[in-house]
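Please look over the structure shown here before reading on.

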Amino acid sequence: MNNFWDYTFLKNSVQEWVIALSIILICIVVLRLFQTLVIKRIKSFTAKTKTTVDDFIFDVIGKSVMPLLFVLSFYVGFRFLNMDPVVKKVVRVAIMVVVLFFLLQIVNAFIRYLFKQLVSGGGEDLQREKQTKGIVLIIQSIVWVIGFLFFINNLGYNITTLIAGLGIGGIAIALAAQTILGDLFSYFVIFFDKPFEIGDFIIMDDKKGTIEYIGIKTTRLKTLGGEQLICSNTDLTNSRVHNYKRMIERRISFSFGVLYSTPAAKIKVIPQYVKSIVESMQDVRFDRAHFKEFGDFSLNFEVVFYVLSPDFNVYMDKQQEINLQLYEVFEKDNIGFAFPTQTIYLNKINDEEVATKANDVNSFRDNSK
C-alpha cells in the first residue's frame, strides 16, 4: 500500500496528487454551498428592495467574483504539486490572465453601473442610457489598455519604451484627427453639461429641429420639414442654441395699427378691449396693452401677454382667438385697421399767379445774361 502512495507521476507522488485534488474539491464544494445557501437567498431578498446597489453587488459576485474564486481554488491546489519551472510559469501566466480578466470585468461593471445611475438618477431613461454607451465604451477601452500594460509589466518586460511610443503615437493621431477629437470633447460637454437632451426642440442659428440622437461625433435633428439634419458636436457647442423644450411659459408680443381717422375716445378704450379679451381666455396671462406710437400711416398699439404652455400649437390657437375677437370688436365699433397708404395734397393756383411766376423766371434769366 505504501508503494502505491509513493508511486510517482509527473514528478509528484500519488499522495501529493490526492492532496492537491482534495483541496481543489473541498474549495469547489465550499464555494458551491456558499453560492447556493447564502448568495442566492440574499439575492432573492435584495430583489425586493428599492435600491439597486445591492442588486449590482450580487450580480457582480455571481458573474465575476465566484468564477474567479473557482479558478483560484485550482491554483491553490496545484501549488502543492512539484511542477517543472516551465509548467509553473505557464500556470502562473494563465492564472494572471484569468485574474486580470475578471478584475477588469468588475471594474467595467462598476463603470457601467455608475454611469447608468448618473444618467437616470435611479430611474429608467432609455434614451440617456443609449447616449452613455459612447462614453462607457471609451472609458472601458482605456481600462483594458491599462490592464494590458499591467500584465506586460508583470511578465517582466520594460513598458517604459512602449508607453513612450504610445505617447508619441497619440500625439501624432491627435494632430491628424483634431476635428474628430474636438467633436469627441464636445460630446463630453453635451453629456455632462446637458444644454439639450434627446427630444428637445432647439434652434441653432437658422437651423431648427428636434434632437433625435446624440453621438460621439455628430448630433441628429429632425427638422420641421421632416428631413434629418446632421450637425457636428463642435458646431452645436460653439453656437447659441435656443432650447424651447425647457421653456415654462411663452412671452408673446404683437402689434397692430388703426387709422388716423379714429376718434380719440375710441383710441382710449382699445387697450381695455384687448385686456378684457386676453383675460377672458384660459392658460393666458395678460401683461400690458399700450398706444405705443404715431406711425407713418397708422396709430400703433403694442400688446404683451404670456401663454402658460411651451407648446407652439397652443400659442397659435390663443393668438388666433385673440385676433378673431379683436377683429369682431373693431368691426362692431367701426374701428378700422390701418394698412400702408400715402395721401398727396394738391393746391390749385389761378392763371394770374402762373403768369406772374413765368415773368419772374424770364426776368431771372435776362439778369443772368
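On a 1 Å grid over the protein atoms alone, a pocket is an open set of points where a 1.4 Å probe fits, with protein on both sides within 12 Å along at least five of seven lines, whereas a cavity is a set of points from which the probe cannot get out; lining residues have an atom within 4 Å of a point. By this definition, the second largest pocket is lined by Gly 199, Phe 201, Ile 203, Lys 208, Leu 224, Tyr 244, Lys 245, Arg 250, Pro 310, Asp 311, Phe 312 and Asn 313. The model is a predicted one, in which local features need pLDDT of at least 70 and side-chain atom pairs count only at pLDDT 80 or more, while totals for chains, interfaces and linings use all residues. Residues are numbered from 1 along each chain as its sequence is written, and side-chain values use heavy atoms, with hydrogens and water left out.

**Overall make-up**

- The protein chain contains 11 helices and 10 strands, where helices (H or I, at least four residues) and strands (E, at least two) are DSSP runs numbered from the N terminus.
- Of the 369 residues in the protein chain, 29% are buried; buried means under 20% relative accessible area, exposed means over 50%, and partly exposed lies in between, with a 1.4 Å probe and protein chains only.
- Among contacts (heavy atoms within 4.5 Å) in the protein chain between residues at least 6 apart in sequence, 64% join residues at least 24 apart.

- At least two lining residues of the largest pocket come from each of H3, helix H4 (85–120) and helix H5 (126–154), and H4 gives the largest share, with eight residues.
- The lining of the largest pocket divides into seven nonpolar, five polar and seven charged residues, where Ala, Val, Leu, Ile, Met, Phe, Trp, Tyr, Cys and Pro count as nonpolar, Asp, Glu, Lys and Arg as charged, and the others, Gly among them, as polar.
- For the second largest pocket, strand S3 (201–204) and helix H10 (312–332) each supply at least two lining residues, and the lining divides into six nonpolar, two polar and four charged residues.

**Aromatic rings**

- The structure holds 14 aromatic pairs, in which rings of Phe, Tyr and Trp (its six-membered ring) have centres within 6.5 Å, and planes under 30 degrees apart count as stacked, over 60 as edge-to-face and the rest as tilted.
- One of these pairs, Tyr 327 with Phe 337, is stacked, at 5.9 Å centre to centre and with 10° between the planes.
- Because Tyr 327 lies in helix H10 and Phe 337 in the loop between H10 and helix H11 (351–368), this pair ties together parts that are 10 residues apart in sequence.
- Phe 337 counts as partly exposed, at 30% relative accessibility.
- Ring pairs also link a cluster made of Phe 254, Phe 256, Phe 291, Phe 294, Phe 301, Phe 305, Tyr 327, Phe 330 and Phe 337.

**Residues in helix H3**

- Ser 64 lies in helix H3 (residues 53–78) and is buried, with a relative accessible area of 8%.
- Leaving aside residues up to four places away in sequence, Ser 64 touches Phe 102, Gln 105 and Ile 106.
- Val 71 also has its place in helix H3, but it is partly exposed, with a relative accessible area of 22%.
- With residues up to four places away in sequence not counted, Val 71 touches Ile 95 and Val 98; Val 71 and Ile 95 are 24 residues apart in sequence and 7.6 Å apart in space, C-alpha to C-alpha.

**Residues in helix H8**

- Asn 233 is found in helix H8 and is buried, with a relative accessible area of 0%.
- The side chains of Asn 233 and Thr 219 are joined by a polar contact of 2.7 Å, a polar contact being a pair of N or O atoms within 3.5 Å; within protein, one must be able to donate a hydrogen and the other to accept it, and residues adjacent in sequence count only if both atoms are side-chain atoms.
- Asp 235, in helix H8 (residues 233–238), counts as partly exposed at 42% relative accessibility, and its side chain makes a polar contact of 2.9 Å with that of Ser 232.
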